Amino acid sequence: MATAATLERNASPIAPIDVSDPALYAEDRWQEPFRRLRGQAPIQYVPDSPFGPYWSVSTYKPIIHIESLPKIFSSSWEYGGISIAGDVETPMEGELRLPMFIAMDPPNHTAQRRTVAPSFGPSEVAAMKARVQARTTEVLDALPIGEAFDWVERVSIELTTGMLADLFDFPWEQRHKLTYWSDIGGNVELMKSPDNFAVRNAAMMEMGAAFDELWQQKVANPGKDLISIMLQSDAMREMSEQEFMGNLILLIVGGNDTTRNSMSSFVYGLDQFPDQRAKLEADPSLIPNAVQELIRWQTPLAHMRRTVEEDTEIEGVQMKKGDKVVLWYISANRDESVFEDADKVIVDRSNARRHLSFGYGIHRCVGARVAELQLCTLLEEMGKRRLRANVSGKVQRVPACFVHGYTSVPVTLSHY
Ligand code: HEM
């Protein structure tokens, strides 16, 4: 670890490790390189990667520090936004860029978040419970017992898109498009090469047109869905159409692959630690804590990114204006100085809630309560049916360093 007062960019005690390599995630080999980084170079400059140079921040404390200083560490899309892929020096020609508050700094971020956040307050989310329960019941009761199927396809995707379509009154028959748009939107690999921009832009245009139509319908015929509620709020009415659309897409897409991959990780994580699964099955009061623990263990978004707005120093390391800083939540959530036996799922872990999977500070996930409601409901309804999902084949993973999840989890169900 650095002991000098300051370290120049390339003065890392170990050779740079490019943890953006998609193979690390596809093959589930990311744990070891991050362990080395946490031990020997918790803030390391990587001068060369397919995403350009970046700082890798891999321990808990400096991530909290950086997220507490949004004036120095910007989220703005103008500097490249919130993932390792965005690069202000090579902007994507013709890229569809809608303003979204996740990629804004104060004061714009503050104003827009304030208009959206009330729809996700404790009582608002509690009021969604019955609908979420009904949807979960419908999906679980249609599953075969003792016969292999893909949990990702039949449960994670079906439940997440179904619930989002329900909450936002998105056309039911088109709900699977939400999965496609979310996958394209969050695929940092597609942003490595301009050859892929056309695919990405076409999907984003299609999504924009679909949401525009929905928006027009809700203006003409408001209902009880979240879009109508937001449209009727005073603050929302003052937003431009472009801003409203950007935020709508953020809400529907932001809550999609994250919740989906959490649902897949529940099955995989509990299957990896059968003693913990048994503990949870024996005591359903552990469900809310187990949900946090599994979200910690999975970390559905492996990182968020910031850009340095003014030269600064953090833990003795000098960062320069314009530097890209990647905050590896996936590694901070395995930081042994915060989480004992961090690689293990421990359903009654006392500090599970301290995980960084929802981020930290002014951008902390606005939809966290909705996600928690969906995830707790899934475990509760499985518990009521005494349903256990046993992994029955090879798990396939998303080959990328941003969305951290599964494309397939083969399972068979049994009763316990
Ligand atoms: C387990 C599920 C989820 C995870 C792991 C997750 C993760 C995150 C993370 C890490 C951030 C912080 C971004 C940053 O610091 O730059 C964030 C922000 C956000 N999330 Fe989530 N999210 C989840 C579910 C949801 C859901 C269900 C919704 C909406 C229905 C949602 C909407 C948002 C929005 C709007 C923001 C932007 C907040 C801001 O910039 O102030 N998320 N989420």
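Biologist: Leaving aside neighbours within four places in sequence, which residues is Ser58 in contact with?

Modeller: This is a predicted model: local features need pLDDT of at least 70, side-chain atom pairs count only at pLDDT 80 or more, and totals for chains, interfaces and linings use all residues. Residues are numbered from 1 along each chain as its sequence is written, and side-chain values use heavy atoms, with hydrogens and water left out. Contact means heavy atoms within 4.5 Å. The partners of Ser58 are Phe34, Leu37, Arg38, Ala41, Pro42, Trp328, Ser331 and Ala332.

Biologist: Is Ser58 buried or exposed?

Modeller: Buried means under 20% relative accessible area, exposed over 50%, partly exposed in between (1.4 Å probe, protein chains only). Ser58 has a relative accessible area of 0%, so Ser58 is buried.

Biologist: Which protein atom is the donor to the iron atom of the ligand?

Modeller: Donors are N, O and S atoms within 2.8 Å of the metal (3.2 Å for Na, K and Ca); water is not among the atoms, so sites may look incomplete. The iron has a single donor from the protein, 2.3 Å away: Cys365 (SG).

Biologist: How many residues surround the ligand?

Modeller: The closest include His109, Arg113 and Arg306. A side-chain N or O atom of His109 is 2.7 Å from a ligand oxygen; for Arg306 that distance is 2.8 Å. The number of surrounding residues is 28.

Note on methods:
A residue is near a molecule or strand if one of its heavy atoms lies within 4 Å of it. A polar contact is a pair of N or O atoms within 3.5 Å; within protein, one must be able to donate a hydrogen and the other to accept it, and residues adjacent in sequence count only if both atoms are side-chain atoms.
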